[in-house]
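Subject: Structure handover and notes

Hello,

Here is the structure I promised to pass on. My notes follow below it.

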Amino acid sequence: MIISLRDTADRLMAANSFVLTSHVNPDGDAIGSCLGLKFILESLGKKVQVLIDDDVPKFLSIMPGLDEVKKPVEDHYDADYLVILDACLDRVGTVPEKCKAPVLNIDHHGTNDNLADYLYLDADSAATAEIVYRLAKAMGIKFDKDSATAVYIGLATDSGYFKYSNTTPQTMRAAAELLETGIQPEKISEAIETKDFAVVQGLAKALQTVELYADGKVAGIFLDYELTSSIETTEGFIDLIRVIDGVDISVVLKAVEPEVCRVSMRSKETDVSTLALRLGGGGHKRAAGCTIKLPFAEAKNCLIDEILKAIED
Ligand SMILES: [Mn+2]
């Protein structure tokens, strides 16, 4: 059932205990919106657990309260609501099996399947963290440094530090107010963008795989299982090929298992969310992803076929 922001805020204020979760392969918005909402609800005296069915990436180590993000190791978790942020039900691993509470879903992905008991969806928000910011306002909560940092990281990472097309005046106003708490944006971006030497060496290897398609409108990094295994993270790699002159769609495909490939896509014009949906994934018009359960070479061909079809449309 689709609900309003006001209804979402009222439900959060009326309940007492929450399990918050987000998608596997968590990013800055997934963790930032969970921890931001956790701090906000705790300031109202509520009981909040954050469960993520995956490892939290190292680049988010500056996030306050990170040691309170747990994996769902127990069989059963009690709460008044299971709040799913920045994802729909099928992307959060085993958490819904272990927490049978009514599902309150807060998301900004236009491809959300609307299967939750309650859904607040705003596809015009740059980040789910931007919705968390508005929920805090609706609940009359003031930000402190911890909640501001968590929400700011969600905003900044999902908007490419306020440079993608999802950045709106509302996004900038939210960021401005968060900075009033005294958090330092340069410290946050330095911490998030710092890479181990080994990762930069991995980047060098990844950039050697760059290929162009469709008269240079498509650029891709393609990492087979062996290469993927030798690179700790590919976070941020896609940004380095989307700058190539003439490129509309940029992709990173990596074989995370011998027959499982993970794909991230960015675009300047083509709607990559419908393209990702066709491949069983989802996302936004300008940033989307999917998982293709095929060996590397077949997954690569399948992806390129779909991209070329989308470019022609
Ligand atoms: Mn997001």
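What spacing do the donors of the manganese ion follow along the chain? The spacing is D-x56-D-x21-H-x49-D. Before the details, two points on how to read the values. This is a predicted model, in which local features need pLDDT of at least 70 and side-chain atom pairs count only at pLDDT 80 or more, while totals for chains, interfaces and linings use all residues. Residues are numbered from 1 along each chain as its sequence is written, and side-chain values use heavy atoms, with hydrogens and water left out.

Metal site

Asp29 (OD), Asp86 (OD), His108 (NE2) and Asp158 (OD) are the protein donors of the manganese ion, at 2.1 to 2.3 Å from it. Donors here are N, O and S atoms within 2.8 Å of the metal (3.2 Å for Na, K and Ca); water is not among the atoms, so sites may look incomplete. Asp29 lies in helix 2 (residues 28-42) and Asp86 in the loop between strand 4 (81-85) and helix 3 (95-98), so this pair ties together parts that are 57 residues apart in sequence. Helices (H or I, at least four residues) and strands (E, at least two) are DSSP runs, numbered from the N terminus. Both Asp29 and Asp86 are buried, where buried means under 20% relative accessible area, exposed over 50%, and partly exposed in between (1.4 Å probe, protein chains only).

His109

His109 sits in the loop between strand 5 (103-107) and strand 6 (118-121). With a relative accessible area of 13%, His109 is buried. Its side chain has a polar contact of 2.6 Å with the side chain of Asp107 and another, of 3.3 Å, with the side chain of His284. A polar contact is a pair of N or O atoms within 3.5 Å; within protein, one must be able to donate a hydrogen and the other to accept it, and residues adjacent in sequence count only if both atoms are side-chain atoms. Leaving out residues up to four places away in sequence, His109 touches Asp86, Ala87, Leu121, Gly283 and His284, with contact meaning heavy atoms within 4.5 Å.

Domains

The chain is divided into domain 1 (5-192) and domain 2 (197-312); the bounds come from an automatic or database domain assignment. Their C-alpha centres lie 26 Å apart. The contact takes 9 residues from domain 1 and 12 residues from domain 2. About 840 Å² is buried between the two domains, and carbon and sulfur atoms give 50% of that area. Buried area is the accessible area (1.4 Å probe) that two parts lose on being put together, summed over both. On the domain 1 side, Phe59, Thr111 and Tyr164 lose the most area to domain 2, together 52% of what that side buries.

Salt bridges

How many salt bridges does a search of the whole structure find? The search finds 12, a salt bridge being a side-chain nitrogen of Lys or Arg within 4 Å of a carboxyl oxygen of Asp or Glu.

- Asp7 and Arg11 meet at 3.2 Å, N to O. Both lie in helix 1 (residues 5-14), 4 residues apart, about one turn of the helix. Asp7 is partly exposed at 24% relative accessible area.
- Lys58 and Asp196 meet at 2.6 Å, N to O. Lys58 lies in the loop between strand 2 and strand 3 (69-70) and Asp196 in the loop between helix 7 and helix 8 (197-207), so the pair ties together parts that are 138 residues apart in sequence. Lys58 is exposed at 54%, whereas Asp196 is partly exposed at 33%.
- Glu177 and Lys137 meet at 2.9 Å, N to O. The pair links distant parts of the chain, Glu177 being in helix 6 and Lys137 in helix 4 (residues 128-138), 40 residues apart. Glu177 is partly exposed at 30%, and Lys137 is partly exposed at 43%.
- Lys38, Glu42 and Glu68 are linked in a network of salt bridges.

Regards
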